[in-house]
Amino acid sequence: MTAETSQTLDRGLRVLKLLADTDHGLTVTELSHKLGVNRTVIYRLLATLEQHALVRRDLGGRARVGLGVLRLGRQVHPLVREAAMPALRSLAEDIGATAHLTLVDGAEALAVAVVEPSWTDYHVAYRAGFRHPLERGAAGKAILSARQRRADDPGYTLTHGELEAGACGAAAPLLGVTGVEGSVGVVMLAEVVPERVGPRVMDAAREVSEALR
């Protein structure tokens with residue numbers, strides 16, 4: 001800790017991180033042990049976080065992340081979208097196809113940013129807010145592939161006709177971005193995805209990942 005930082009805020013944030021990393025919650029004693037501070041400090045931290053709905057405690061006294069965190073999380077999408085727009089514009093113009101940034105929302109893939117090319121006569125209509133199962137479409141499958149990386153993984157995913165008849169998709173996952181799980185991709189009307197599209201989508205995903213770190 002430096003003179004410019006708050007020890008109490010630091011401890012509160014560490015409590016939230018510890019709770020976010022467990023599914024079954026933590027007791028005051030467990031938090032005290034993990035943070036190396038006495039139980040009185042933990043009680044005060046939890047009480048403050050509970051007032052802001054960032055933490056909740058069950059009948060057994062175990063603390064868990066509260067619903068207030070979800071309200072904060074909703075503000076993440078605009079920030080992520082803003083950071084991704086330059087790479088998405090470049091990708092859409094270069095490929096001549098609709099580019100999108102997709103994030104995980106539960107068991108679904110949610111398009112949070114979409115850019116259409118300016119120079120093509122026609123392109124696939126794909127809108128921000130569009131949802132589909134993670135198991136269908138290039139965007140969702142690219143995210144799933146990142147969860148189980150294999151040595152033979154090319155780094156991008158190609159699909160055809162899974163979300164819209166006659167439409168192809170290509171997507172690559174965002175990698176190395178703490179707290180954000182998603183992909184960057186394009187969707188186009190074609191029989192097959194041109195060979196250069198996969199590597200180009202990977203480049204765009206790297207650009208977005210770097211912008212979010």
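Buried means under 20% relative accessible area, exposed over 50%, and partly exposed in between (1.4 Å probe, protein chains only). The model is predicted, with local features needing pLDDT of at least 70, side-chain atom pairs counting only at pLDDT 80 or more, and totals for chains, interfaces and linings using all residues. Residues are numbered from 1 along each chain as its sequence is written, and side-chain values use heavy atoms, with hydrogens and water left out.

**View 1. The buried residues of helix α2 (residues 28–35).** Helices (H or I, at least four residues) and strands (E, at least two) are DSSP runs, numbered from the N terminus. Val 28, Leu 31, Ser 32 and Leu 35 are buried. They lie on the same side of α2 because their arc around the axis, taken from the directions from the helix axis to the C-beta atoms, is only 100 degrees. Their cover includes α1 (7–20), α3 (39–51) and β1 (55–57). Gly 36 follows α2, with a positive phi near 70 degrees.

**View 2. Ala 53 in the loop between α3 and β1.** Ala 53 is not a glycine, yet its phi is positive, about 60 degrees. Most residues other than glycine have a negative phi. Ala 53 counts as partly exposed because its relative accessibility is 27%.

**View 3. An open sheet of six strands.** The order is β5-β4-β3-β8-β7-β6, with antiparallel pairing (at least two DSSP bridges between two strands). β5 (131–133) and β6 (157–160) stand at the edges with a single partner strand each, so one side of each lacks a neighbour in the sheet.

**View 4. Strands β6 and β7 (residues 167–173).** Four bridges join these antiparallel strands. Thr 159 has Gly 169 in β7 as its bridge partner.

Technical notes:
Contact = heavy atoms within 4.5 Å.
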